[in-house]
Amino acid sequence: MAMSLAFHIIFAAVGIAMPLLMVIAEWRWQRTREEVYLILAKRWAKGTAILFAVGAVSGTVLSFELGLLWPQFMNYAGAIIGMPFSLEGFAFFTEAIFLGIYLYGWDRVRPRAHLLAGVLVALSGVLSGVFVVIANAWMNSPTGFEIADGRPVNIDPVAAMLNPMAFSQTLHMSLAAYAATGFAVAGIHAYLLLRDRKNLFHRRALAIALLVGGVAALLQPLSGDLSARAVAEYQPVKLAALEGQFKTERAAPLRIGGIPDEEAGETRYAIEIPYGLSFLAFHDPHAEVKGLEAFPRDQWPNILIVHIAFQVMVGMGMLMMAIALWAAWRWWRRRGALFESKWFLRAVVFAAPAGMIAIEAGWTVTEVGRQPWIIQGVMRTKDAVTPMPGLVVPFIAFTVLYLFLAAIVVWLLLRQVAASPKKEVPSAED
Amino acid sequence: MSLELLAAGAMVVSLMFYALLGGADYGGGVWDLFARGRRARAQRELIAEAIGPVWEANHVWLILVLVILFTGFPSAFAAIATALHVPLTLLLIGIVLRGSAFTFRTYDSERDEVQQRWSRVFSVASIITPVLLGVTLGAIASGTIKVENGIVTSGFWRSWLAPFPFAVGLFALALFAFLAAVYLTLETKDEKLQEDFRLRALVAGVTVGALALTVFLLAGEGAPKVRAGLAASVWALPLHAATAVAAVGAFYFLWKRKYAWARLCAAAQVSLILWGWALAQFPYIVEPDITISSAAAPPQTLRLLLAALALGALVLFPSFYYLFRVFKGRTAFAPLEEGEPGEKKE
């Protein structure tokens, strides 16, 4: 399942954010009638189509895998948390319908209607992501039911959806999708711009991608703070793990980097910022942060993986934020300067995969960090799994399948990209 | 009408739309494989054009079935997903390959070898997937999935590796191929292409009849309760009569080249077959141990689910209508536009 999710999340993130990019491009075309915008919108639409299709089929796999791999989880939780999945289904349905209209209807519907179709694709994409993340948030902070005799009773699906971590998680994932996609697309166009500095097509593309990615990257640390405080309150073990906090202490330091050693009960080689963790987790530098020692050993997740994944995620986030700030500063100083600096463009290319890496790392933190629970404090992962033996077979089959799909997608996208228009800009003014 | 009955009904409706819309997409893949003769290329292009804008949306009905199942009837979902782990996994692989191959074919090089490579994957996957879908439904109907205290006791292989489920699988394939051929006659104005698909529809229709009989006969041993339902209940006769009328009607209109009416009859036929199966199996979701009421989620969940479905339908049906209007224009709604008070199809 982790394999399917790791694959699906990339395509889902792109499926959420690309429609926004393509709609902005189409909108600019309708406003300015500059042909590059139309070409850009159509080019990005094609990319969206390819990625959406693969995202859709991998999403289908996931809906089935919920039952194929975790029948006991679904048996227990289906009635409680099935609703957001239904709503996600509808959002996805809407997105598929209007994407069909958008991709195939350039010459069949009026321009206003076409743009509106694109907007609906973008909106329903975000919505479906929000609903599905609500379900995941519930797994982290389960509400909306009571337990009697080991069975859930008094089920309240609305309370389940309005669980305490829903808002912070959905905000964080949505911003992540925009940041990651924006930066990935920006990286591609920056690379091509390095080869052909005056290319108007790539300049326009880079501007839009950096706008979307940059704004998201700047908002993300704020969202991250919200998430951290939610985790501190509802999943203190996870917080301790991702920070490598073994001892319970007041004025706990923030650890940057470092390698947790479970045997020794300490995190070595970290750069420690005094009061940092207490401040970030509780907005009070003297707050008490629960260490791992406060929890039974059999409720610890894998500290090493969770901590390192967290550092990677934050590191990538910082990188994107730095580039966003640099871009904003250059744009403010002199618009054209954005495209002239070789170093800036190189940095954008370098940072292209940062958002996707951050997404994978972040999901590793939250999912591995919740272990051994599949529903925090309620059901353990090992009690939820299917009794079907030989799971290694479908695992290998799906892994091979996904690798194959990923390879083809990358190849197709490269071919699309390689066929970029060679449009010169008469003067460098935008 | 109880909440769980409504939810179960919604599942059947969703499955019906999946068969009528997504099923035809699979059928298209079958005809892609069997594209022959001078117009082979034109046949393939017609299929691609017909499926292109709508296949993603058509596909979502299956997800809807799944979602209603695991929200409204979670223990049934758990049991089905456990007992039928293998065919469902294979079904998934088929779905992934078909969707990806179709997309890759659309956006990859125009060179013939490349197109043919993806077409092969697309059409083979389009054949295997409906068979597995039918196998799954056949296994559910067969009464061989045993559940005790929430645990599946009949193993991972026995319920579906049997003649009856596979017959249902082939039946499903034939039905989808039939639907696709009938639909395709209306998707083109080229008379020669229409003739091509008319022929295919007739052949597929005969195959459907033969397989329907096979399934019915095998059900005697393979799915006795469903067979009893199909043969003996009070609604059985009117249902069979209606299905027969629709089937004969489809043949008649195909023969007479009145394709819009043929489409209506074919769709009615498939719908009636599906409802016939659902009613024959009522009140069981999984024969013989899981009923609609035993698996039902608590009323709050069902109420919310039905509310979401109603709201969703309000948004979706107009959107679907718009989608089909834009791309299928007159062809989808032809019988209505000819001034006949035909049934509403969507």
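## Contacts and overall form of chain A

In chain A of this predicted model, 76% of the contacts with a separation of 6 or more join residues 24 or more positions apart. The secondary structure of the chain comes to 15 helices and 10 strands. Of its 430 residues, 55% count as buried.

Chain A has a radius of gyration of 23 Å. A compact globule of 430 residues would have a value near 22 Å, so the two agree. Along the principal axes, the C-alpha atoms of chain A fill a box of roughly 70 × 45 × 40 Å.

## Where chain A meets chain B

The contact between the chains takes 52 residues from chain A and 48 residues from chain B. The largest share comes from α3(A), with 22 residues.

What classes of residue make up the side of chain A that touches chain B? Nonpolar residues number 36 there. Another 13 are polar, and three are charged.

## The largest nonpolar core

The largest nonpolar core holds 284 residues. Four of its members touch the most other members: A13(A), L21(A), F178(B) and L179(B). Helix α3(A) gives the largest share of this core, 21 residues.

Setting aside neighbours within four places in sequence, A13(A) is in contact with A176(A), A177(A), A180(A), T181(A) and I359(A).

## Helix α2 of chain B

Helix α2 of chain B covers residues 40-51, which makes 12 residues. At 1.5 Å a residue, the helix should span 16 Å. Its end C-alpha atoms are 17 Å apart, which agrees with that expectation.

Which residues of α2(B) are buried? They are Q43(B), R44(B), L46(B), I47(B), A50(B) and I51(B). Seen down the axis of α2(B), the buried residues fall within an arc of 160°, so they line one face of the helix. What do these buried residues pack against? Their partners are helices of chain B: α1 (3-33), α3 (55-72), α6 (112-142), α7 (163-187) and α8 (191-222).

Notes. Residues numbered from 1 in each chain as written. Chains lettered and ligands numbered in written order. Predicted model: local features only at pLDDT ≥ 70, side-chain atom pairs only at ≥ 80, totals over all residues. Contact = placed C-beta atoms within 7 Å. Helix = DSSP H or I, 4+ residues; strand = E, 2+ residues; numbered from the N terminus. Nonpolar A, V, L, I, M, F, W, Y, C, P; charged D, E, K, R; others polar. Core = buried A, V, L, I, M, F, W, Y, C linked by C-beta atoms within 7 Å. Buried ≥ 20, exposed ≤ 12 C-beta atoms within 10 Å, placed from the backbone. Expected span 1.5 Å × (residues − 1). Arc of directions from axis to C-beta. Rg over C-alpha atoms; globule rule 2.2 N^0.38 Å.
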